[in-house]
Amino acid sequence: MAATTSKTLDPTNVHAIFKAYDVRGTVPDQIDEALAHATGRAYVAVVGAREVVVGHDMRPSSPGMAAAFAEGASEAGADVVMIGLASTDQLYFASGHLRMPGAMFTASHNPAEYNGIKMCRSLATPIGLETGLAEIRDLVASGEPGGVSARTGKVYEADVLEAYAAHLVSLAPVAGRRLRVVADAGNGMAGHTAPAVFGLLGDLVDLVPLYFELDGTFPHHEANPIDEANLADLKAKVLETGADVGLAFDGDADRCFLVDETGRAVSPSTLTALIASRELAKEPGATVIHNLITSRAVPEIVRELGGNPVRTRVGHSFIKATMAETDAIFGGEHSGHFYFRDFWRADSGMLAALHALAALAETGRSLSELMADYERYPVSGEINSQVADQAAVMEALEAAYGGCQGVETDWLDGLSVAHDEWTFNVRPSNTEPLLRLNAEGKDEATMARIRDEVLAQIRSER
């Protein structure tokens with residue numbers, strides 16, 4: 001791979017594509033095999049790894065980038081275990097199971113022209129800007145990414161798919177009535193992992209696969225289930241087949257969204273509350289993490305069940321760090337990421353799906369009936385507005401609402417404003433001139449009123 005080692009990397013570009021906890025950009029303008037090779041060398045130097053595990057998704061550029069990263073890592077003296085096609089949570093499993101730091105080549109839900117690298121330390125411990133990623137970035141940008149070791153590491157292949165599937169099923173056993181399940185892989189990596197996982201459930205699941213063919217060009221729809229437009233085919237198939245539940249995975253299958261038997265999307269906050277109840281049944285009094293845009297129903301339910309809810313910023317590096325600090329049993333985000341202490345505090349869309357199936361199979365109720373126990377407040381979903389001065393708009397919102405009776409504000413992550421009857425959070429994007437609004441109310445009319453009021457002010461200030 002001489003071509004990967006000869007290209008001079010633009011330091012400005014390197015700094016631009018290393019974000020809060022991963023590396024992501026368009027191919028090949030921003031990210032390519034030369035960058036992957038340099039990152040592999042720098043990663044080994046910073047992490048101090050003697051062995052590294054590497055996986056990749058189905059995007060056309062992913063195998064080449066994974067191989068280039070492996071070459072760089074081996075030049076730095078590390079042995080490299082290549083697990084081939086994998087979901088991101090399968091890579092996290094390999095990192096925990098093999099006790100190795102790891103790298104996953106994927107751009108998750110992003111369009112086909114993107115790719116990226118997600119890196120972790122051994123036991124799936126996250127790497128963020130403050131915990132090693134900035135050092136890796138700076139080494140890559142310097143043009144001397146860690147040097148070349150006197151020992152060249154070996155590169156070899158391993159298959160962990162069966163062990164991954166068995167581990168997940170052991171954490172959330174499914175027993176009870178037979179379920180018809182439609183799973184939409186969106187041509188992403190759930191098409192690789194779902195057959196292995198659901199194959200272990202035997203006759204308990206009648207699986208109806210949708211877009212299981214691995215295709216990094218995403219010919220049917222974007223592999224981004226947080227956008228409800230991408231759930232249209234799943235909803236239709238659930239209704240057509242009379243399924244008990246629909247599952248939608250993103251491109252790298254680390255997120256999962258549910259559709260109930262009526263074709264209605266289930267809020268990830270509602271699924272967070274359901275899984276929290278199951279985990280608290282195993283360990284009464286345990287801590288459950290939720291980010292600040294999750295429905296207030298989540299901490300309410302956790303407290304009612306005797307648990308300890310802890311609120312964090314948005315983002316997996318914050319969730320995982322807080323889970324480690326508090327020994328939390330579970331964490332959930334409204335974006336559809338679910339984190340499990342028994343899974344090395346990593347997120348797994350497939351494990352979340354198994355929890356939902358297990359809860360459904362052990363009851364005679366429909367999914368809509370089951371989820372009604374955990375869904376209390378209407379939410380707006382995330383609404384983006386382009387603004388020139390994010391800080392000024394948030395300060396104007398605090399001035400408008402902060403002095404009102406019964407209102408509390410905080411700045412844990414953007415501006416959060418809470419009232420007994422409603423809440424909202426406004427956060428700036430890290431990469432674009434956007435403000436992201438999430439609003440919630442005691443009923444649909446209250447939510448709509450506060451959503452529209454805040455949006456009107458945001459858009460008048462811009």
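**Entry 1: a pair of strands.** I looked up G331 and found that G331 stands opposite Y339 in β15; I keep in mind throughout that this is a predicted model. The two strands concerned are β14, residues 330-332, and β15, residues 338-340, and they pair in the antiparallel sense over 3 bridges.

**Entry 2: the sheet around that pair.** I then traced the sheet to which these strands belong, and I noted an open sheet of 5 strands in the order β13-β12-β14-β15-β16, with mixed pairing. Strands β13 (308-312) and β16 (346-347) stand at the edges and have a single partner strand each, so one side of each is left without a neighbour in the sheet. I also looked for a helix against this sheet, and I found that α10, residues 268-282, lies across β12 (287-291), β14 and β15, with an angle of about 15° to β15.

**Entry 3: the other sheet I looked up.** Here I wrote down 6 strands forming an open sheet with mixed pairing, in the order β1-β5-β4-β2-β3-β6. Its edge strands are β1 (22-26) and β6 (155-157), each of which pairs on one side only, and from one strand to the next the twist averages 20°. Within this sheet I followed β2 (residues 51-56) and β3 (residues 79-85), which run parallel and are joined by 6 bridges; for V54, the bridge partner in β3 is M82. Helix α5, residues 88-98, lies across β2, β3, β4 (102-105) and β5 (114-120), and I noted that it runs at about 165° to β2.

**Entry 4: empty space inside.** Rolling a probe the size of a water molecule over the atoms shows where empty space is left. How many cavities of 30 Å³ or more are there? I recorded 2 cavities at that cut-off.

The largest cavity holds about 40 Å³ of space, and its lining consists of L171, E279, K282, I329, F340, R341, D342, L351 and H355. I sorted the lining residues of the largest cavity into 4 nonpolar, 1 polar and 4 charged.

The second largest cavity has a volume of about 30 Å³, and I listed R296, Y377, D420, E421, W422, E440, G441 and K442 as the residues that line it. Sorting the lining of the second largest cavity in this way, I noted 2 nonpolar, 1 polar and 5 charged residues.

Note on methods
Residues numbered from 1 in each chain as written. Predicted model: local features only at pLDDT ≥ 70, side-chain atom pairs only at ≥ 80, totals over all residues. Heavy atoms only, no water. Pairing = 2+ DSSP bridges. Helix = DSSP H or I, 4+ residues; strand = E, 2+ residues; numbered from the N terminus. Contact = heavy atoms within 4.5 Å. Axes fitted to C-alpha atoms, helices over the stretch in contact; angles between N-to-C directions. 1 Å grid on protein atoms, 1.4 Å probe; cavity = no way out; pocket = protein on both sides within 12 Å on 5 of 7 lines; lining within 4 Å. Points joined across faces, edges and corners; volume = space filled by probe spheres on them. Nonpolar A, V, L, I, M, F, W, Y, C, P; charged D, E, K, R; others polar.
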